[in-house]
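Please look through the sequence and the model below before reading on. The report then takes up a few backbone details, some strands, the chain as a whole and the surroundings of the ligands.

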Amino acid sequence: MQKTVAFTRRSANVFFHILTRCNLHCRHCYINPEQHGSHTLDIETIERWLTIFARRHAAANLIVLGGEPTLHPELSRVVKRARELAYLSVTIDTNGYLFHDILDKVTPQEVDYFSFSLDGPRAAVNDPLRGSGSFDACTRGIAAAKARGFAVSLIYTVSQANIDHLPAMPPLLDRLGVDRFFIQVIGMRGQWAEDAVCRESLAQVDRATWLATIPEVAAAAARRGITVTYPKVFLDPQETFECAGLVADNYFIFPNGRVYRCPLCEDYPLHSLQIRDDRLMDAARVNEADLFPLDIPEGCVMNRIIQPRNLAADDDGRPGHRIACCLLKEEIAP
Ligand code: SF4
Ligand code: SF4
């Protein structure tokens with residue numbers, strides 16, 4: 001069964017980067033220390049910030065990120081505190097190295113998903129993008145998590161470098177026992193935006209290639225019993241454009257206290273909220289909140305500004321299609 005996951009305010013999503021440090025140096029890493037800071041939040045600060053968002057939203061999903069969040073020695077306390085604060089769900093995003101024996105310190109009742117990142121169906125595809133040995137480490141991590149009874153999801157970031165290998169993923173997901181599969185578009189930010197070679201070799205795929213590949217692979221994975229989520233990216237003419245910044249509650253929190261509502265803004269000082277002295281407050285204008293209401297024929301304003309290469313014009317110079325909010329997802333369930 002396939003559906004577009006509509007934006008809702010019934011629940012909020014709290015994407016909490018508790019540190020920016022990582023053991024890997026992925027070529028497309030989206031972390032930007034200049035904008036996000038480079039320090040590790042101490043556990044007391046994390047607990048206070050978790051409380052801010054738990055009070056603001058009765059129903060919030062927590063996604064703990066980094067950098068590599070398992071490098072934080074107190075990650076298990078973060079999870080337990082989130083449970084005490086009644087977060088609806090807790091997900092830990094990881095590159096698979098699972099530091100500090102995290103699997104021994106939390107339980108499947110406390111963590112809804114360990115979400116692993118892998119960008120190829122074998123080391124020869126994944127490791128040039130994510131680092132030598134990272135394929136083996138990630139698949140070992142998945143096996144260890146499954147053996148302890150955790151639910152596991154996997155994120156595959158699609159670019160021109162690895163889209164041809166995406167069709168080989170469903171059998172691998174099946175073998176690994178992955179429960180959910182997230183296909184993601186490479187973001188034109190962080191390390192990617194800094195590096196000219198990276199920009200050329202890891203470009204986003206064009207509309208025709210995206211539409212010819214992604215839905216088919218998603219359907220193949222769903223036939224194997226895996227729930228698949230992928231970004232809509234290109235809106236059909238009859239579909240309505242909505243900016244999640246206006247109609248949903250997503251928070252992207254960084255260790256320097258910046259809080260964004262839009263992930264495409266994260267490379268710029270455009271955050272609309274800021275945590276200062278453990279209080280969440282509005283950030284100085286102009287910021288992302290001033291961009292969200294802008295109504296343009298191309299759809300997403302931030303896409304138009306920072307990644308216009310995925311726009312095509314018709315013979316009259318009008319946009320051939322609109323780009324959806326990057327947070328709008330299609331879901332296909334078994
Ligand atoms: S993309 Fe993730 S795993 Fe890779 S270097 Fe960046 S933070 Fe680490
Ligand atoms: S990606 Fe575009 S549409 Fe989505 S929140 Fe950001 S500015 Fe709004």
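His 100 lies in the loop that runs between strand 4 and helix 4 (102-105), where helices (H or I, at least four residues) and strands (E, at least two) are DSSP runs numbered from the N terminus. Although His 100 is not a glycine, its phi is positive, at about 55°. The model is a predicted one, in which local features need pLDDT of at least 70, side-chain atom pairs count only at pLDDT 80 or more, and totals for chains, interfaces and linings use all residues. Residues are numbered from 1 along each chain as its sequence is written, while chains are lettered from A and ligands numbered from 1 in the order in which they are written.

Ala 86, which is not a glycine either, has a positive phi of about 65°, and its place is in the loop between helix 3 and strand 4. A residue is called buried if 20 or more other C-beta atoms, placed from the backbone, lie within 10 Å of its own, exposed if 12 or fewer do, and partly exposed in between. Ala 86 is exposed, because 10 other C-beta atoms lie within 10 Å, and His 100 counts as partly exposed because it has 14 C-beta neighbours inside 10 Å.

## Two cis peptide bonds

Most residues other than glycine have a negative phi, and most peptide bonds are trans. The bond that joins Gly 66 and Gly 67, however, is cis, with omega about 15°, and Gly 67 is found in the loop between strand 3 and helix 3. Another cis peptide bond leads from Arg 285 to Val 286, with omega near 5°, and Val 286 belongs to the loop between strand 13 (279-282) and helix 12 (288-291).

## Strand 3 and its partners

Strand 3 (residues 60-65) is mostly covered, since 5 of its 6 residues are buried. Two strands are said to pair if DSSP finds at least two bridges between them. Strand 2 (residues 12-17) runs parallel to strand 3 and is joined to it by 6 bridges, and in this pairing Asn 13 has Asn 61 as its bridge partner.

Strand 3 also pairs with strand 4 (residues 89-94), again in the parallel sense, over 4 bridges, with Ile 63 standing opposite Thr 91. Together with helix 3 (residues 75-84), strands 3 and 4 make a right-handed β-α-β unit; right-handed means that, with the strands pointing away from the viewer, the path from the first strand over the helix to the second runs clockwise.

## The chain as a whole

The protein chain has 13 helices and 15 strands, and buried residues make up 44% of its 334 residues. The C-alpha atoms fill a box of roughly 60 × 50 × 40 Å, taken along the principal axes.

## Around the ligands

A residue is near a ligand if its C-beta atom, placed from the backbone, lies within 6 Å of it. Which residues come nearest to ligand 2? Of the 14 residues around ligand 2, these are Cys 243, Cys 262, Cys 300, Met 302 and Cys 325. Helix 11 (244-247) and helix 13 (301-306) are the elements that give two or more residues to this shell, and helix 13 gives the most, with 3 residues.

The residues around ligand 1 include Cys 22, Cys 26 and Cys 29, as well as Gly 66 and Gly 67.
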